[in-house]
Amino acid sequence: MDEYLILMRLDLISKDAQPSPQQLEVYMKQYHDWVEGIVLRKKFLGGTGLSTEGKVIKPNQVISEGPFVEIKESLAGFITILADNFEDAVSIAKECPILGGDGNSVEVRRIVSVHEKD
């Protein structure tokens, strides 16, 4: 099995895109249920959410505030999973509950090492 990264993008800044506390509770339960299903299949390796604050560093040391300077949709978090192949990873990612939100997206990438192992 290979390792895959599932990146979750959604609108973290538009006021009208933010859920109510009750909606957020429902969404988080859906997310935890989805992850628990991956855990039960012994394919979950880890993951985390990301804060909305950050800086973008570009060539010539140009620094901008926030990870979402040029786009509304920003990286909200990610998980790493084990999958038999790319299609298996995509199948798992397609179940991600954030895909129920307008403008949200999930990206799947196979993790490859650029470092030599000792």
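Where does Ser 91 lie? Ser 91 lies in helix 2; helices (H or I, at least four residues) and strands (E, at least two) are DSSP runs, numbered from the N terminus. This is a predicted model, where local features need pLDDT of at least 70, side-chain atom pairs count only at pLDDT 80 or more, and totals for chains, interfaces and linings use all residues. Residues are numbered from 1 along each chain as its sequence is written, and side-chain values use heavy atoms, leaving out hydrogens and water.

With 38% relative accessibility, Ser 91 counts as partly exposed. That label sits between buried (under 20% relative accessible area) and exposed (over 50%), with a 1.4 Å probe and protein chains only.

Now let's look at the largest nonpolar core, which has 16 residues. Such a core is a set of buried Ala, Val, Leu, Ile, Met, Phe, Trp, Tyr and Cys residues joined through side-chain atoms within 4.5 Å. Ile 6, Met 8, Trp 34, Ile 79 and Ile 81 touch the most other members.

Helix 1 provides the largest share, four residues.

Which residues of helix 1 are buried? They are Tyr 31, Trp 34, Val 35 and Ile 38. Because they cover an arc of only 95° around the axis, they lie on the same side of helix 1; the arc is that of the directions from the helix axis to the C-beta atoms. The face turned away from this buried side carries the exposed residues Gln 22, Glu 25, Lys 29 and Leu 40.
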